[in-house]
Amino acid sequence: AEPIQVERAFWCPKLGNAETEWEDAFASDPAAGVVAVADGASEGIFCRVWSGLLARRFVEDKPAFRDPAEFPKWLAAARAGWRQEIDYPNLRWSQQNKVTAVGAAATLLGLRVGPTGPDGRRPWHAAAVGDACLFWVRGNRLLATFPLADAGQLGSAPFLVRSSPTAGVVPPLLANGRCEPGDLFLLATDAVAGRLFRDADWERYAALTDDDWRAQVDADRRDGRMVNDDCTLVAVRVPPPPG
């Protein structure tokens with residue numbers, strides 16, 4: 001594996017919520033070239049645990065999902081892991097009932113960047129369920145977005161990865177390409193993605209401080225440029241090849 005650089009990882013909860021109520025998640029293994037974000041759906045139970053587990057498991061397991069049988073197996077293991085993490089046997093009966101009836105749900109977006117090929121470029125592969133979005137930028141120009149093409153596709157009912165074994169399986173959408181040294185990938189949960197679709201200065205996000213980011217989110221919410229929701233943005237750079 002060849003490394004990537006995680007240049008920035010920004011997050012903040014919904015306006016009016018404490019930081020402990022943030023239900024998004026992100027995880028990365030820069031040395032292995034893997035990063036993921038997830039967005040917990042607020043109507044469930046223990047959604048923060050679920051989104052965190054999905055992001056972490058994607059980074060740890062580095063699944064490709066190119067084989068259609070792989071995602072259901074991976075999800076079954078994640079569902080079992082979630083029940084362990086929430087300590088299901090020791091929950092109150094009312095919580096156990098909600099875990100059984102509703103469970104948790106989240107969107108998921110994962111990116112893997114492979115090693116440099118003979119042409120100096122690196123393959124990348126992304127997988128997504130729902131409306132967390134990947135923005136691929138070169139020289140401050142947007143090359144592609146995935147899985148959505150524009151802000152109009154952001155809705156109130158995205159596809160979700162659900163914790164309940166009876167909820168079925170929504171297979172991930174897959175994308176791939178070949179990136180170059182210096183390329184920038186931005187991974188954003190839906191509220192931030194909606195803002196990014198209307199932006200043009202992509203490189204700015206790789207240079208913001210945490211305070212700048214929070215100030216921008218506050219201003220965007222106040223001015224109606226961003227919906228009030230949990231926010232997460234991870235900026236990843238493709239470095240020059242080693243040596």
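Q: What makes the charged end of arginine 204 count as sitting over the ring of tyrosine 205?
A: The charged end of arginine 204 lies 4.7 Å from the centre of that ring. Arginine 83 is placed over the face of tyrosine 88, at 4.0 Å from the ring centre. The model is predicted: local features need pLDDT of at least 70, side-chain atom pairs count only at pLDDT 80 or more, and totals for chains, interfaces and linings use all residues. Residues are numbered from 1 along each chain as its sequence is written, and side-chain values use heavy atoms, with hydrogens and water left out.

Q: How is the pair of tryptophan 124 and tryptophan 136 classified, and why?
A: The ring centres are 5.3 Å apart and the planes stand at 75°, so the pair is edge-to-face. Tryptophan 124 is in strand E5 and tryptophan 136 in strand E6 (residues 133–138), 12 residues apart. Both tryptophan 124 and tryptophan 136 are buried.

Q: Why is histidine 125 called neither buried nor exposed?
A: Its relative accessible area is 28%. Buried means under 20% relative accessible area, exposed over 50%, and partly exposed in between (1.4 Å probe, protein chains only), so histidine 125 is partly exposed. Histidine 125 is located in strand E5 (residues 122–129).

Q: What makes the approach of the side chains of histidine 125 and arginine 66 a polar contact?
A: The distance between the two side chains is 3.5 Å. A polar contact is a pair of N or O atoms within 3.5 Å; within protein, one must be able to donate a hydrogen and the other to accept it, and residues adjacent in sequence count only if both atoms are side-chain atoms. The value therefore lies at the limit. Not counting residues up to four places away in sequence, histidine 125 also touches Gly110, Leu111, Arg112, Ala175 and Asn176, among others, where contact means heavy atoms within 4.5 Å.

Q: Which class do the accessibilities of threonine 189 and proline 241 give, and why?
A: Threonine 189 has a relative accessible area of 0%, so it is buried. Its place is in the loop between strand E10 (184–188) and helix H4 (190–196), and its contacts beyond four places in sequence include Asp24, Ala38 and Asp230. Proline 241, at 41%, counts as partly exposed. Proline 241 follows strand E11 (231–237) and contacts Glu2, Thr116 and Pro181, leaving aside neighbours within four places in sequence.

Q: What ties E4 to E3 and to E5?
A: E3 and E4 pair in the antiparallel sense over seven bridges, and six bridges join E4 to E5, again antiparallel. Two strands pair if DSSP finds at least two bridges between them, so both counts meet the requirement. Valine 34 has arginine 112 in E4 as its bridge partner, while valine 113 is bridged to tryptophan 124 in E5. Eight of the nine residues of E4 are buried.

Q: Which residues touch the most other members of the largest nonpolar core?
A: Trp50, Leu54 and Val161 do, in a core of 30 residues. A nonpolar core is a set of buried Ala, Val, Leu, Ile, Met, Phe, Trp, Tyr and Cys residues joined through side-chain atoms within 4.5 Å. H1 gives the most to this core, with seven residues. A second, separate core of 24 residues includes Ala188, Trp202, Leu208 and Met226.

Key
Helix = DSSP H or I, 4+ residues; strand = E, 2+ residues; numbered from the N terminus. Phe/Tyr/Trp six-rings, centres within 6.5 Å; stacked < 30°, edge-to-face > 60°. Lys NZ or Arg CZ within 6 Å of the ring centre and 35° of its normal.
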